[in-house]
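Thanks for coming, everyone. Please have the sequence and the model open while I talk.

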Amino acid sequence: MPQTVSPPHEKERTSERIRRRAKELFDRVRASGVAIDFPFPDPMTLRSFSLGEVAEILGVSHSYLRQLSIDGLGPTPELGTAGRRSYTLRQINELRAYLASARPKDALKFYPRRREGEKLQIISVGGSASTTTAFYLVQGLALQGFRVLAVDLDRRGSFSGMFGYTASTTPVYNKSIYAALRCDDDRASIRTVIRPTHFDGLDIVPGSIELRRFEEERLRRYLSGASRNPDANSRLVSAIEEVEGNYDVVVIAGAPVRDGLGPVALEAATGVLVTVHPQLDDVASTAMSLSIFSEYVRRIEEAGKSEDYDFFKFLVTRHDPRDVAEQETIALLRGSLGDDLLTAIVWESDAIGYAGLKNRSLYELSAGAVGRSAYEQAMETLNSVNAEVMDIISEVWGRPPIYVSQASRSTTAGKAKSQSKRLPQKELSDFSQL
């Protein structure tokens, strides 16, 4: 009697059957035609900036810019009601190029792009409210004339969604950063997944649910005894090297240190920014994450690579200056971290929250949209943080610091006045000592 041959799948192990089903499901979705690209149903646009805003961004006087416009020098601004002048971000960058050429002694101030011999800065941002921090950092860098690449390592694509690239409802295939990280024949150049944003000079590589596949690969390596595959973590490094000449700064967001993508971000980074909420439970969580982080670095070092970051800094975010317990926690952080804790602090802000609900940043909104007082208070803290980070980058490049002093000149008086109105005198005194 002839022997019956069982179909191949009947001899499968459970793990093989589950993997086959996963592949079948994904292939069916892909074949249906929806897994083509990131949906972008409502293309974002960036408002124009008033003459006063442009003067503050460039660090020049309002009258100087107005005279340039009258003399027909630089890009021609848009003329609005009552002859009010405004510039798009692209025009601001054109104005930067003109000023750098016309005033060569101040060229670095106006046109801060990398010069020959200056290393690309790759900043990994992680911790409490890190996605929002990265969001404001990349936009702030772009407004100051840097060429920026944002990389989203979040499988939920939260960072990407802030720029309109939302993949939470529609799957995509090889259109996220995973395309440049995968190890099979479908691996693609990072150039194929870089997307523009509505900020001139700022591009993004979106994240998506595809990154779960990287988690699967990582788990498979772990179970096979290969706890760390050097190639897996170096793929992002190689991918960024492909486009290094196009950017000054790369900001990586969305990779918690406990996540399998954490080591990928940390190995690629030249600098690390850890955000922390000034409450003891969040500080404890940060401490545990740092312990895990130290293990990743130890393994990198054991693999023969020295992980010497250009900087490793901490940033206090979402601080309520009226909260005495938070003030004490900040004092604890300063006593422990010293100069590794940024001087600037991001305050808790209804304005930032309101902008987030609209999927926008305050840089994209006018003061009237959220209330001038709340807007100016929030912008002071955000600009101070970005200025401090930019001065750190300048220091790495061997340049003199200019951004903190520039931000101080434009905000110190208003900040002191607004703080004195918001805080009782005793709390103001306590806060100033931290």
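Start at Phe-312. Phe-312 counts as partly exposed, at 22% relative accessibility. Here buried means under 20% relative accessible area, exposed means over 50%, and partly exposed is in between, with a 1.4 Å probe and protein chains only. Phe-314, in contrast, is buried, with a relative accessible area of 5%.

A word on ground rules. This is a predicted model, where local features need pLDDT of at least 70, side-chain atom pairs count only at pLDDT 80 or more, and totals for chains, interfaces and linings use all residues. Residues are numbered from 1 along each chain as its sequence is written, and side-chain values use heavy atoms, with hydrogens and water left out.

Now the aromatic rings. A pair of aromatic rings is described by the distance of the centres and the angle of the planes. Rings of Phe, Tyr and Trp (its six-membered ring) pair if their centres lie within 6.5 Å; planes under 30 degrees apart count as stacked, over 60 as edge-to-face, and the rest as tilted. How many aromatic pairs does the structure hold? The count is 10. One of them joins Tyr-136 and Tyr-363: tilted, 5.8 Å centre to centre, with 55 degrees between the planes. Tyr-136 sits in helix 6 (residues 130–143) and Tyr-363 in the loop between helix 14 (350–357) and helix 15 (367–370), so this pair ties together parts 227 residues apart in sequence. Helices (H or I, at least four residues) and strands (E, at least two) are DSSP runs, numbered from the N terminus. Both Tyr-136 and Tyr-363 are buried. Phe-312 and Phe-314 also form a tilted pair, 5.5 Å centre to centre and 55 degrees between the planes. One aromatic cluster is made of Phe-135, Tyr-136, Phe-159, Phe-163 and Tyr-363.

Next, the cores. A nonpolar core is a set of buried Ala, Val, Leu, Ile, Met, Phe, Trp, Tyr and Cys residues joined through side-chain atoms within 4.5 Å. The largest has 68 residues, and Leu-65, Leu-141, Phe-159, Phe-163 and Leu-362 touch the most other members. Which helix gives the most to this core? Helix 16, with 10 residues. A second, separate core of 28 residues includes Ile-122, Leu-149, Leu-261 and Val-264.

Look at Leu-362 again. Contact means heavy atoms within 4.5 Å. Leaving aside neighbours within four places in sequence, the contacts of Leu-362 include Tyr-136, Ala-351, Tyr-375 and Leu-382.

On to Val-396, in helix 16 (residues 372–396). Val-396 is partly exposed, at 29% relative accessible area. Not counting residues up to four places away in sequence, Val-396 touches Gln-121, Asp-310 and Phe-311. Val-396 and Gln-121 are 275 residues apart in sequence, yet 8.8 Å apart in space, C-alpha to C-alpha.

Strands now. Two strands pair if DSSP finds at least two bridges between them. Strand 5 (residues 148–152) and strand 7 (residues 202–205) are parallel, over four bridges. Leu-149 has Asp-203 in strand 7 as its bridge partner. Strand 6 (residues 195–196) runs antiparallel to strand 7, joined by two bridges. There, Arg-195 is bridged to Ile-204. Five residues lie between strands 6 and 7 in their hairpin, where Gly-201 takes a positive phi near 90 degrees.

Last stop: helix 12. Its buried residues include Asp-282, Phe-293 and Ile-300. Gly-304 follows helix 12, with a positive phi near 100 degrees.
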